[in-house]
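These are my notebook entries on one structure. The sequence and model are placed below, and the entries follow.

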Amino acid sequence: MRKLIMDKMAMQRALTRITYEIIERNKGIKDLMIIGIKTRGVYLAKRIAKRLDRLEKAKVPVTSLDVTKYRDDIDHDSSHKDPNVVPDNKSVSIEKKNVVLVDDVLYTGRTVKAALSALSELGRPRTVRLAVLVDRGHRELPIRADFVGKNIPSSRKERIRVSVMEKDHRDAVEIIH
């Protein structure tokens with residue numbers, strides 16, 4: 001059974017609110033960089049970057065990060081033994097930047113832990129903040145989001161599915177029982 005939690009308009013409002021909060025916390029967009037955690041975090045990061053561009057009339061670097069190699073909760077086969085991590089845009093530096101990591105759902109915190117490990121190999125940012133569309137609770141690690149679109153209390157038996165137009169041909173957040 002599925003229950004719609006956020007439709008397209010609710011997602012747009014949440015991302016707009018997160019964008020304004022990022023501007024306020026950063027006191028503008030100076031030295032700001034947005035990094036989307038693959039897969040759906042990348043699409044959300046690009047949407048936030050577009051909103052920042054419209055509001056502040058300046059481009060904010062945006063790239064993606066694949067953290068699969070850094071996950072401690074999945075089995076790694078021999079193809080994942082190489083610990084090198086490279087953002088999609090290799091020319092982007094995180095040195096002394098105010099980085100905002102973007103992901104779709106914050107659950108146990110293990111994806112964010114992996115992203116922080118990956119970032120440590122790319123340089124030393126000034127700050128790292130976390131923006132998520134959905135925080136569902138049930139943390140296993142002491143990680144919290146700085147910017148949250150919606151808190152959705154859920155049981156461990158339930159799943160949260162975020163769909164984005166760019167990949168899933170619709171925008172929605174559903175809870176699946």
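How much space lies in the largest pocket? I found about 450 Å³ there. I worked on a predicted model, in which local features need pLDDT of at least 70 and side-chain atom pairs count only at pLDDT 80 or more, while totals for chains, interfaces and linings use all residues. Residues are numbered from 1 along each chain as its sequence is written, and side-chain values use heavy atoms, with hydrogens and water left out.

Entry on the largest pocket. I took a pocket as an open set of points on a 1 Å grid over the protein atoms alone, where a 1.4 Å probe fits, with protein on both sides within 12 Å along at least five of seven lines; lining residues have an atom within 4 Å of a point. Volume is the space filled by probe spheres set on the points, which are joined across faces, edges and corners. Of the 22 lining residues, R71, D103, D104, V105 and T111 are the closest to the centre. Strand β4 (98–106) and helix α3 (110–122) each supply at least two lining residues, and β4 gives the most, with four. I named helices (H or I, at least four residues) and strands (E, at least two) from DSSP runs, numbered from the N terminus. The lining divides into eight nonpolar, five polar and nine charged residues. Here Ala, Val, Leu, Ile, Met, Phe, Trp, Tyr, Cys and Pro count as nonpolar, Asp, Glu, Lys and Arg as charged, and the others, Gly among them, as polar.

Entry on the second largest pocket. I noted about 160 Å³ of space. Its lining includes K8, M11, R47, K50, E166 and D171. Helices α1, α2 and α4 (165–168) each supply at least two of the lining residues. By class I recorded three nonpolar, one polar and seven charged residues.

Entry on α1 and α2. The axes of α1 (residues 8–26) and α2 (residues 40–56) come within 9 Å and cross at roughly 60°. M11, Q12 and L15 are among the α1 residues that meet α2, where R47 and R51 are among the partners; contact means heavy atoms within 4.5 Å.

Entry on the backbone. I found a cis peptide bond between K38 and T39, with omega about 15°. T39 is in the loop between β2 (32–37) and α2. H138 has a positive phi, near 65°, although the residue is not glycine. I placed H138 in the loop between β5 (127–135) and β6 (147–151).

Terms used. Axes are lines fitted to C-alpha atoms, for helices over the stretch in contact, and angles run from 0 to 180 degrees between N-to-C directions.
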